[in-house]
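Please look over the structure below before reading my points. They are meant for someone new to this kind of model.

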Amino acid sequence: MYQAFTQYLYSVLRQATQEFRQLTGTLAQALLRTPLPRIVIICAALALFISLIPFILSLFILLVLFRLFLGMLQNTAPRHRRQSMVYRQVQFGRNERK
């Protein structure tokens, strides 16, 4: 059983490395056909995108913390004031509807 698993794992890893080598070879051929200014533009765009991800993530975290802080402030209001903010549905009798 152990030998069958190792053979299976070996064949899967061997196939994965072959596919990876084929993919990198194809990408290398495509890069050789691409003009240098286009490669520079692609690299600059990737660098900009990678640098924006932490900035956007930190803005999202700050927004969530700010909303939590506002929620904590709202919950510290006096109890009678909080109950007055709750919407209450008014029920009309038959005579009051028009």
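The points below cover the model, its helices, its surface and its confidence.

1. This is a predicted model, in which local features need pLDDT of at least 70, side-chain atom pairs count only at pLDDT 80 or more, and totals for chains, interfaces and linings use all residues. Residues are numbered from 1 along each chain as its sequence is written, and side-chain values use heavy atoms, leaving out hydrogens and water.

2. The protein has three helices and zero strands, in the order α-α-α along the sequence. Helices (H or I, at least four residues) and strands (E, at least two) are DSSP runs, numbered from the N terminus.

3. Of the 98 residues, 1% are buried. Buried means under 20% relative accessible area, exposed over 50%, and partly exposed in between (1.4 Å probe, protein chains only). F55, in helix α2 (residues 36–75), counts as partly exposed because its relative accessibility is 47%.

4. The protein averages a pLDDT of 84, and 76% of the residues score at least 70; pLDDT is the predictor's confidence in each residue, from 0 to 100. Among the elements, helix α1 (residues 2–33) has the highest mean pLDDT (93) and helix α3 (residues 79–85) the lowest (56). Where pLDDT is low, the predicted coordinates should not be read in detail.
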